[in-house]
Amino acid sequence: MSILVVGSIAYDTVETPYGSVQDSPGGSALYFSAAASLFSPVNVVGVVGSDFNASKISFLKKRGVNLDGLYVESGDTFRWGGRYHKDLNQRDTLFTYLNVFEDFQPIIPEQYKDSKYIFLANIAPDLQLQVLDQIHKPKLVILDTMNFWISGKRDTLEEVFKRSDIVILNDEEVREFTNEYSLLTAINLIHKLGPKAIVIKKGEHGALLHYEDQFFFTPAYPLDRVIDPTGAGDSFAGGFVGYIAKEGKITKTTLRKAVMYGSSVASYNVQDFSFNALIDLDMKKIQNRFEEFKLMTQV
Ligand code: AMP
């Protein structure tokens with residue numbers, strides 16, 4: 001089953017202890033699509049400026065990513081800058097320029113309105129609501145966001161939480177959103193808003209899923225060198241949602257396997273800048289890592 005994703009398409013400027021890149025393609029929707037398209041067809045809705053060079057994302061078309069909903073507006077593409085510390089779980093946002101996103105109204109093409117799997121990638125919560133208003137009968141709405149929107153658009157974001165089935169957040173975001181340090185208390189507060197499943201990403205310490213009153217934990221794949229963690233969350237979400245859409249059912253086992261597929265894809269993504277490591281990735285490599293995850297966690 002195909003997935004509809006709405007999110008940012010960006011030029012990122014990133015510094016890590018291993019180097020830096022300037023104006024390299026990124027954004028939540030692109031990282032997500034590069035990952036999810038390894039599992040299921042993806043339809044993208046987003047906006048870029050007239051400065052965007054589409055040749056850099058031509059590999060997505062070959063992977064079955066449909067870009068009919070990619071609007072080109074006059075102005076500059078969204079830009080984000082980040083600097084990672086030696087502890088790569090820590091990053092400072094250096095700048096966020098919304099540019100063409102400032103006035104963007106996402107119009108969902110008619111042929112996408114019956115989409116069943118909706119991924120609301122990191123983007124302004126008012127845009128996420130506008131998207132949901134246009135979809136007829138979604139089967140599964142999965143939400144991602146980040147501190148920028150939690151602190152800036154808290155109330156609107158809460159409305160999006162209420163309309164989502166699954167939320168994917170990192171531990172800091174969960175604490176900031178709920179104002180609760182205890183993750184367990186925070187998880188219960190989020191369930192009360194509506195989401196049936198909560199995925200909490202913990203960087204190099206892996207990810208956890210809370211669903212039907214049970215926890216499921218996976219480690220992160222042990223790597224000797226993480227080159228660029230940018231997009232780890234979005235590529236995790238791509239593997240996670242891509243696998244669920246491929247299976248076409250929402251069960252405890254599917255969600256648990258989805259966390260492992262998400263972790264597997266994210267572990268490749270962080271091994272190079274931008275989404276370069278996802279371009280030549282294939283299902284065989286992902287499956288190998290999935291099997292290693294199984295071995296790492298079984299007694
Ligand atoms: P992640 O590392 O998974 O948190 O995602 C990083 C990506 O999110 C980068 O490619 C950025 O372009 C994009 N991004 C950063 N800030 C925002 C924001 N406020 N809204 C939407 N996308 C953003």
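Is Tyr221 buried or exposed, and with what relative accessible area? In this predicted model, Tyr221 is buried, with a relative accessible area of 17%, where buried means under 20% relative accessible area, exposed over 50% and partly exposed in between (1.4 Å probe, protein chains only). Residues are numbered from 1 along each chain as its sequence is written, and side-chain values use heavy atoms, with hydrogens and water left out. Because the model is predicted, local features need pLDDT of at least 70 and side-chain atom pairs count only at pLDDT 80 or more, whereas totals for chains, interfaces and linings use all residues.

Rings of Phe, Tyr and Trp (its six-membered ring) were paired if their centres lie within 6.5 Å, with planes under 30 degrees apart counted as stacked, over 60 as edge-to-face and the rest as tilted. By this rule the count comes to 16 aromatic pairs. The pair of Phe215 and Phe217 is stacked, because the ring centres are 5.6 Å apart and the planes stand at 25°. Tyr221 and Phe293, in turn, form an edge-to-face pair, at 6.0 Å centre to centre and with 65° between the planes. Since Tyr221 lies in the loop between β13 (214-218) and α8 (232-247) and Phe293 in helix α11 (residues 283-297), this pair ties together parts that are 72 residues apart in sequence; helices (H or I, at least four residues) and strands (E, at least two) are DSSP runs, numbered from the N terminus. Phe293 is likewise buried, with a relative accessible area of 0%. One aromatic cluster is formed by Phe39, Tyr243, Tyr261 and Phe290.

Phe215 and Phe217 also contribute, together with Leu184, to a nonpolar surface patch of about 290 Å². Patches are made of residues with over 30% relative accessible area and no salt bridge, like charges being joined within 9 Å and nonpolar side chains (Val, Leu, Ile, Met, Phe, Trp, Tyr) within 5 Å; a salt bridge is a side-chain nitrogen of Lys or Arg within 4 Å of a carboxyl oxygen of Asp or Glu. Accessible areas come from the Shrake-Rupley method with a 1.4 Å probe, and for residues only the protein chains shown count as cover. Phe217 is exposed at 52%, while Phe215 is partly exposed at 33%, as is Leu184 at 45%, which is found in helix α7 (residues 183-193).

Strand β4 (residues 42-49) is mostly covered, eight of its eight residues being buried.
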